[in-house]
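Here is a short briefing on one protein chain. Keep the sequence and the 3D view open as you read.

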Amino acid sequence: MRIVLFCENKYAVDILFPLQAQADKEGGHEVLWYVHKKKIPDFPLKHNVNYTNDIKEVYRFRPDAVFAPGNIVPYYLSGVKAQIFHGYAAEKKDQFRIRNYFDLYLTQGPYFTKEFLKLKERYKDFEVKETG
């Protein structure tokens, strides 16, 4: 599986790293980190993972899955797009806004899962999985 870890903010490094660790543990996966250079000028994992600052390189990578802790991900990237909810800034007013970027919402607990399951019934074009 070809996986992109879409890292636009520094806090996302800690959220995404367990996915890298699991992919390494399982083996057989190619993982590419997209790191937003202006927001993360000194990527702390630069010597340990495969990464790029070039969105064109991510596009050419042709991922099977893209994981993003943020609210958006480029629609033109291939693969299933999963938004990871992480509990940081959980009080945001637009937390439950469906932007039509994601195929899967990975929620951090029962309250968020319940709300996203309601939205799933309304929109009918994404899945929800509580991951903790």
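The points below go from the whole chain to single residues. The model is predicted.

**The whole chain**
- The protein chain has 3 helices and 7 strands.
- Starting at the N terminus, its elements follow the order β-α-β-β-α-β-β-β-α-β.
- Of the 132 residues in the protein chain, 42% are buried.
- The protein chain exposes about 7900 Å², and carbon and sulfur atoms supply 51% of that area.
- Take the contacts between residues at least 6 apart in sequence: 45% of them join residues at least 24 apart.

**Aromatic rings**
- The structure contains 9 aromatic pairs.
- One of these pairs, Phe6 with Tyr34, is stacked, with 4.8 Å centre to centre and 25° between the planes.
- This pair links distant parts of the chain: Phe6 sits in strand S1 (residues 2-7) and Tyr34 in strand S2 (residues 30-35), 28 residues apart.
- Phe6 has a relative accessible area of 4%, so Phe6 is buried.
- Tyr34 is also buried, because its relative accessible area is 10%, under the 20% cut-off.
- Phe85, Phe102, Tyr105 and Phe126 together form one aromatic cluster.
- Arg2 lies over the face of Phe61, 4.1 Å from the ring centre.

**A look at Thr107**
- Thr107 belongs to strand S6 (residues 104-107).
- Thr107 counts as buried because its relative accessibility is 0%.
- Its side chain makes a polar contact with the side chain of Thr113, at 2.5 Å.
- Leaving aside neighbours within four places in sequence, Thr107 is in contact with residues including Phe85, Phe116, Val128 and Gly132.

Definitions and conventions:
Residues numbered from 1 in each chain as written. Predicted model: local features only at pLDDT ≥ 70, side-chain atom pairs only at ≥ 80, totals over all residues. Heavy atoms only, no water. Helix = DSSP H or I, 4+ residues; strand = E, 2+ residues; numbered from the N terminus. Buried < 20%, exposed > 50% of the residue type's maximum accessible area, 1.4 Å probe, protein only. Polar contact = N/O pair within 3.5 Å; in protein donor to acceptor, adjacent residues only side chain to side chain. Contact = heavy atoms within 4.5 Å. Areas by Shrake-Rupley, 256 points an atom, 1.4 Å probe, with all protein chains shown as cover. Phe/Tyr/Trp six-rings, centres within 6.5 Å; stacked < 30°, edge-to-face > 60°. Lys NZ or Arg CZ within 6 Å of the ring centre and 35° of its normal.
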